[in-house]
Amino acid sequence: MTSLQLKRARTARQWTQAELATRLGVSQGYVCLLERGARPVPAALAGTLARLLRMAPSTLPASADSDAYGAGGAARALAALGYARFADRPRRRERRNPAEVVLRCLRAPDVDARVVEALVWVLVAHADLDWTWLVRHAKADDLQNRLGFLVSLAAEAAQRDGQAEARAQLTFARAALERSRLAAEGAFRARLSDAERRWLRQHRPPDAAHWNLLTNLTVADIPDAA
């Protein structure tokens with residue numbers, strides 16, 4: 001969470017620094033320091049600020065040290081970000097940074113097909129996420145091909161849905177991932193039979209072949225991001 005994001009969100013709520021300070025239980029001078037960038041926004045305070053000021057989840061702190069999500073954890077995290085197809089799942093009210101959610105989902109050896117579709121939606125709906133952070137940590141875990149394929153689909157979905165700004169951000173991210181594309185063949189499922197592998201090699205779309213992934217997912221499978 002940057003000082004500029006904080007100041008803009010407070011101004012949008014039409015609160016004075018003193019009013020925000022009262023709600024936070026801190027001094028007006030401390031809020032002033034945060035907004036001037038003289039003090040970093042503490043991670044412990046960022047969640048409260050995001051809730052009070054109705055800020056985007058991309059302003060929340062992201063952790064690269066968290067474990068991969070299981071299917072249930074992924075569904076709850078995606079529902080908290082607003083993914084409608086998982087809205088019926090029991091969910092915690094606490095939202096996570098979308099970049100962290102994407103990374104933790106992609107770290108799972110087996111990523112459920114519905115979660116894969118949801119991740120494309122996240123990349124469009126939350127295209128303001130910290131791409132530098134996400135690309136760096138995806139590369140550290142050798143996940144750039146998984147992420148690159150999803151970003152390619154997300155760029156198509158953004159164009160389909162008339163999300164010009166999101167498409168521009170996704171195009172930038174795809175170029176950053178392209179430079180580190182892996183030659184090794186991968187998949188969203190750890191266990192595929194030889195027959196499945198042969199079928200997917202023959203029927204996967206061009207983007208999947210480009211990113212060396214065994215999947216038949218296309219943009220037609222992705223829900224509207226609006």
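Colleague: Is His 137 buried or exposed?
Modeller: This is a predicted model, in which local features need pLDDT of at least 70, side-chain atom pairs count only at pLDDT 80 or more, and totals for chains, interfaces and linings use all residues. Buried means under 20% relative accessible area, exposed over 50%, and partly exposed in between (1.4 Å probe, protein chains only). His 137 has a relative accessible area of 19%, so His 137 is buried.

Colleague: Which residues is His 137 in contact with, leaving aside neighbours within four places in sequence?
Modeller: His 137 sits in helix H8. Helices (H or I, at least four residues) and strands (E, at least two) are DSSP runs, numbered from the N terminus. Contact means heavy atoms within 4.5 Å. Beyond its neighbours within four places, His 137 is in contact with Ala 64 and Leu 103.

Colleague: Which residues touch the most other members of the largest nonpolar core?
Modeller: A nonpolar core is a set of buried Ala, Val, Leu, Ile, Met, Phe, Trp, Tyr and Cys residues joined through side-chain atoms within 4.5 Å. The largest one has 55 residues. Those touching the most other members are Leu 78, Leu 123, Leu 134, Leu 147, Phe 149, Leu 150 and Leu 170.

Colleague: Which helices each supply at least two residues of this core?
Modeller: They run from H5 (71-80) to H10 (164-178).

Colleague: What does Leu 170 touch, not counting residues up to four places away in sequence?
Modeller: Leu 170 is among the core residues that touch the most other members. Its partners are Leu 123, Val 124, Trp 131, Val 151, Ala 154, Ala 155 and Ala 158.

Colleague: At roughly what angle do H9 and H10 cross, and why is the pair called roughly antiparallel?
Modeller: Axes are lines fitted to C-alpha atoms, for helices over the stretch in contact, and angles run from 0 to 180 degrees between N-to-C directions. Angles under 35 degrees count as roughly parallel, over 145 as roughly antiparallel, 65 to 115 as roughly perpendicular and the rest as oblique. The axes of H9 and H10 come within 9 Å and cross at roughly 155 degrees. That angle therefore makes H9, relative to H10, roughly antiparallel.

Colleague: How do the residues of the contact of H9 with H10 divide?
Modeller: H9 contributes residues including Leu 147, Val 151 and Ala 155, and H10 residues including Leu 170 and Leu 177. Ala, Val, Leu, Ile, Met, Phe, Trp, Tyr, Cys and Pro count as nonpolar, Asp, Glu, Lys and Arg as charged, and the others, Gly among them, as polar. The division is 9 nonpolar, 4 polar and 2 charged.

Colleague: At roughly what angle do H2 and H4 cross?
Modeller: H2 covers residues 17-24 and H4 residues 43-52. Leu 20, Arg 23 and Leu 24 in H2 meet Leu 45, Thr 48, Leu 49 and Leu 52 in H4. The axes come within 11 Å, and the crossing angle is roughly 120 degrees.

Colleague: What is the relative accessible area of Arg 181?
Modeller: Arg 181 is found in the loop between H10 and strand E1 (186-187). Arg 181 is in contact with Asn 145, His 210, Trp 211 and Asn 212, leaving aside its neighbours within four places in sequence. Arg 181 is partly exposed, because its relative accessible area is 36%.

Note on methods:
Residues numbered from 1 in each chain as written. Heavy atoms only, no water.
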